[in-house]
Each structure stands twice: as C-alpha cells, then as structure tokens.
Amino acid sequence: MSDPALAEPIQNLANTEWINHKMANASIVDELFTFQCVDQQMCSSCLTCMASTQTMTILSLPVPDQTSITDLNGCLKAFTALERLHGRDGLQCDKCQVASIKHTNSATPMVRTRSADKHSIDQAFTPMSPIQSTDLEKLSSTTSHCFLSSTPLPGKLSAPRLSQDLPSSKMLTEGFRRCLLRRLPQCLIIQLLRFNYNPFTKKVFKIHTPVDVTLSNWELSKFTYDSTVDREDMANVRKENTYSLYAACVHIGGDNTGSGHYMAYCKANDQQWYRFDDEQVHLIRNFNLEVEKTVFRENCYLLFYHRLHAETKVE
C-alpha cells in the first residue's frame with residue numbers, strides 16, 4: 001500500500017483530478033473548504049493496487065464507542081488506518097474477475113446453475129462499503145470520484161435481486177484499503193460521527209464518548225499521503241498543515257438525530273469566545289476550561305478549524 005514505486009503515478013492522478021475539480025468549481029466556498037483524499041485498495045489474491053480520489057468539504061471522523069476519553073488524533077488515526085476487506089465487504093478486483101471467467105470458460109464449459117448464481121450474489125452484496133476501483137494502469141486516463149465511508153448507512157439492507165442489481169458473474173476477493181488526506185483546505189470542517197445506525201433495531205443512537213478537542217497548533221501533515229509514502233511531490237504546493245479552532249457546535253439533550261438541542265461557540269474578531277444558545281449570547285471568559293467540561297467533550301459534534309500558515313511554493 002505504501003510502495004514508493006506507486007507514489008508518483010498516484011500523486012500525478014491526484015494532481016490531475018485536483019486541477020480538473022478546480023477548473024469546474026471556481027467559487028469562494030470551494031476555495032476555502034474543499035480538500036482532497038486518496039483512497040487506495042490492494043487485492044490480496046493478485047496484489048493489484050488501485051487508487052481513486054475524492055474531493056470533500058467535510059471530514060467525517062469515526063468516534064469509538066467507549067467510556068474512556070479519546071482525542072482528535074485518535075479519531076483521525078482510525079479514519080486513515082489500514083482496513084481489511086473480506087466477506088460481503090470484500091474487494092471487487094477486475095483482474096481476478098477476468099482470470100476467473102477465463103478459467104471457468106476453459107476448465108468447466110458448463111451452464112451455470114442457479115445455486116452458483118445465488119452464492120455469487122450473496123458474496124457480492126456489500127451494503128456497507130460500496131466502492132468502485134480504478135486500475136493503477138489506467139490512472140492517467142481514468143477519472144474516479146468514488147469514496148468508501150466507514151459510516152453504517154441506514155436504509156434497506158435487503159439482498160439485491162438477481163436480475164437487476166448485480167451480474168451473477170461478479171465475485172469479491174479479500175484485500176486491504178486505506179484512505180489518506182492529500183490536499184488540505186484553508187478552513188477544515190470536522191464532523192464527529194456520534195450518530196450511528198443499528199440495522200437490527202433500525203434505530204439511530206448517539207455515541208457519548210468524550211473527545212478532547214485540540215484548540216490550536218493541530219498538525220495534520222502526518223496523516224497526508226505524501227508524508228506516509230515519504231515522497232515530496234515537486235508539482236504540488238506545499239502547505240503548512242497546522243490548524244486552530246475558531247468555532248464549534250454541540251448537540252445536547254438527545255440520543256438521536258430527531259431530538260436534542262444545538263449550541264454554537266465562535267471566536268469573534270475581538271479574539272473572545274462566545275456561546276450562542278438560541279437568542280442568548282454569552283461571553284466565555286476562559287474557553288480552555290469550557291472545552292474540558294464533560295458536557296462539551298461528550299457532545300461536540302462539528303468543529304471548525306482554520307490554517308495558521310499560508311501555503312508556500314516548493315522551491
């Protein structure tokens with residue numbers, strides 16, 4: 001996944017996709033909030049590596065369901081961690097698919113039975129991780145905007161029908177996946193995934209794990225693709241990826257998205273923090289103590305950061 005030989009073509013792909021995105025989305029909102037991720041997958045059977053890119057305006061980070069405190073670095077480590085793909089969440093590898101079809105046609109020229117079709121459908125159904133892959137050999141000419149989210153998706157989880165959803169010849173293999181940041185924005189919006197969906201009870205529930213929020217000097221370079229592969233992209237614009245908090249939103253008094261109350265915190269031009277609670281506005285004289293309170297740590301939901309240093313061009 002971190003093969004140096006793959007770094008240059010993946011960086012070239014990301015640069016091309018970024019330029020194309022910027023040409024098609026010229027706005028102040030895009031300039032301030034849009035960032036880019038690189039998503040890599042590797043098939044365990046044939047060791048084929050695939051990559052795709054995704055542009056987003058909100059970085060959604062998983063929150064572990066635990067009683068002990070965690071921090072933003074821990075949430076970001078979980079987001080960028082190496083993930084094993086297997087079973088129904090397996091990887092669809094085009095190379096293995098072609099090899100399987102050729103082997104079937106040459107070794108067993110028989111009519112496919114319905115039981116075989118049903119087995120293939122069961123293995124291929126992946127409601128929690130729908131992702132399309134781009135073969136590394138086609139990186140320079142293929143555009144892919146597919147992104148795999150680790151967030152459970154509410155909705156119908158019934159198996160797909162044979163004739164409409166998936167071809168009977170599709171198969172999944174075991175593999176690995178990793179998503180890393182590539183280009184970071186001037187203003188970074190963090191969404192903590194406190195609301196989860198239980199497919200068995202069909203209910204949404206809230207995760208109250210306390211999160212220690214970093215106020216300033218939050219360095220994110222170690223979570224970027226270029227830092228992970230230890231290769232500086234000379235065509236890229238180097239950025240100082242250090243951020244400081246300027247606003248936050250908390251959700252209190254409810255265990256699901258249909259109830260509760262929202263409050264907002266914001267750092268004004270006078271460098272003072274204020275709490276906005278409906279029509280009431282309160283000056284927070286010591287925000288460092290405010291973020292250490294249990295009610296804040298267990299309910300912080302949206303965090304707004306801005307970059308401390310302007311970008312500089314690589315010499």
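This is a predicted model: local features need pLDDT of at least 70, side-chain atom pairs count only at pLDDT 80 or more; totals for chains, interfaces and linings use all residues.
## Helix α1

Helix α1 runs over residues 4-24 and has 21 residues. From its first C-alpha to its last it reaches 31 Å, which is close to the 30 Å expected at 1.5 Å a residue.

The buried residues of α1 are L6, A7, I10, Q11, L13, A14, N15, E17, W18 and H21. What do these buried residues pack against? Their partners are helix α2 (28-33), strands β1 (35-43), β2 (49-56) and β6 (175-183), and helix α6 (225-229).

## Helix α3 and T80

Helix α3 covers residues 72-80. Its buried residues are L72, C75, L76, F79 and T80. They lie on the same side of α3, because they cover an arc of only 130° around the axis.

Is T80 buried or exposed? Its relative accessibility is 4%, and buried means under 20%, so T80 counts as buried. Leaving aside residues up to four places away in sequence, T80 touches R178, C179, L180 and F223.

## Aromatic pairs

How many aromatic pairs does the structure hold? There are eight. One of them joins F195 and Y301, whose ring centres are 5.4 Å apart. The planes of these two rings stand at 80°, and an angle over 60 degrees counts as edge-to-face, so this pair is edge-to-face. F195 lies in strand β8 (residues 195-198) and Y301 in strand β17 (residues 300-307), so the pair ties together parts that are 106 residues apart in sequence. F195 is buried, with a relative accessible area of 13%. Y301 is also buried, with a relative accessible area of 15%.

A further pair is made by Y246 and F304, with ring centres 6.2 Å apart. Their planes are at 55°, so the pair is tilted. Y246 lies in strand β13 (residues 242-252) and F304 in strand β17, so this pair ties together parts that are 58 residues apart in sequence. Y246 has a relative accessibility of 22% and therefore counts as partly exposed.

## An aromatic cluster

Which residues form one aromatic cluster? The members are Y265, W273, F287 and F296.

Terms used:
Residues are numbered from 1 along each chain as its sequence is written. Side-chain values use heavy atoms; hydrogens and water are left out. Helices (H or I, at least four residues) and strands (E, at least two) are DSSP runs, numbered from the N terminus. Buried means under 20% relative accessible area, exposed over 50%, partly exposed in between (1.4 Å probe, protein chains only). Contact means heavy atoms within 4.5 Å. The arc is that of the directions from the helix axis to the C-beta atoms. Rings of Phe, Tyr and Trp (its six-membered ring) pair if their centres lie within 6.5 Å; planes under 30 degrees apart count as stacked, over 60 as edge-to-face and the rest as tilted. The expected span of a helix is 1.5 Å times one less than its number of residues.
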